[in-house]
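Before reading on, please look over the sequence and turn the model around a few times.

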Amino acid sequence: MYCHKCGAEVLEGAKFCSRCGAQTVPKEIIIPSKEIEKASVIDASYDVKNTDRFGELIGGNHRPWRRFFARTVDLLTSGIATGSLFIFLLSFVLSMVYPEGARAIIPLFDNQILTGVVMYLAWIPVEAFLISTTGTTPAKWIYGISVLGTSGSKLSYSSALRRSCLVFFQGDGAGLPIVTFFTRYFSYKRLTDTGTTLWDTDVGSVVTHKTWGIGRWIASILSFVFAVMVIGFLQNMPT
């Protein structure tokens, strides 16, 4: 069986093309060619009519910017919360069991880049857990994004964890400012050119998108504004 959108070979029984994310079309179902052209990416209910076409205006119908903003909001809200808790617990445990080491290690977190990387790493297993159990994360849910396997089922925890780790290195350049610019650019180019990313290809995952209504627009904008406010608050906190 081959994908009606990009022509890639699709495993029998798969609901999505692992290359471009399009919904597979059973042989016995005939869909007019115009409808096939529109059905490049579907929502989590696998309903072609609910396909969001707004992404065709900015970066192609694979929604790179929607994915980017959802990840940014996740990192600036859930990621910071998870990372802050991790650093607090780490500092507390070190202070209890190894005071001398704590006095040497804790000041290192004054470095914003190091703190950011540690917070990101702490978020990775939490993100993987959420994706493997719910198929999404808080910000992805607001933005109408789900991460599933090509069969339409949720990823295993190991696959979700591998995917999150690959995003960290291949997509976000391990959180290093200059490196991140290039890795994000190449990831954007790959997604818009091929319809998939290195990490989704590696673990066999497909990113689906729900239709944007006025409610989702408002929620997405407010979530991003809130994330920016969080960063502003943290930057103005006394050290």
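**From the whole chain to a single residue**

Of the 239 residues in the protein chain, 41% count as buried, where buried means under 20% relative accessible area, exposed means over 50%, and partly exposed lies in between (1.4 Å probe, protein chains only). This is a predicted model, in which local features need pLDDT of at least 70 and side-chain atom pairs count only at pLDDT 80 or more, while totals for chains, interfaces and linings use all residues. Residues are numbered from 1 along each chain as its sequence is written, and side-chain values use heavy atoms, with hydrogens and water left out.

The protein chain contains 9 helices and 2 strands, and their order along the sequence is α-α-α-α-α-β-α-α-α-β-α; helices (H or I, at least four residues) and strands (E, at least two) are DSSP runs, numbered from the N terminus.

In soluble globular proteins, nonpolar side chains tend to be buried together. A nonpolar core is here a set of buried Ala, Val, Leu, Ile, Met, Phe, Trp, Tyr and Cys residues joined through side-chain atoms within 4.5 Å. The largest such core has 13 residues, of which Val73, Ile131, Tyr143, Ile145, Val147, Leu155 and Ala160 touch the most other members. To this core α2, α4 (112-134) and β1 (145-149) each supply at least two residues. Apart from it lies another core, of 10 residues, among them Leu75, Val117, Ile124 and Phe168.

Which residues of helix α7 are buried? They are Thr180, Thr183, Ser187 and Leu191, and because they cover an arc of only 75° around the axis, they lie on the same side of α7, the arc being that of the directions from the helix axis to the C-beta atoms. On the other side of α7, Ile178, Phe181, Phe186 and Asp193 are exposed. The buried residues of α7 pack against α2, α6 (157-171) and α8 (198-203), and after the helix comes Gly195, whose phi is positive, near 90°.

Arg67, finally, has its place in helix α2 (residues 64-97). Is Arg67 buried or exposed? Arg67 counts as buried because its relative accessibility is 15%. If its neighbours within four places in sequence are left aside, Arg67 is in contact (heavy atoms within 4.5 Å) with His62, Ile145, Arg163, Leu191, Thr197, Trp199, Asp200, Val207 and His209.
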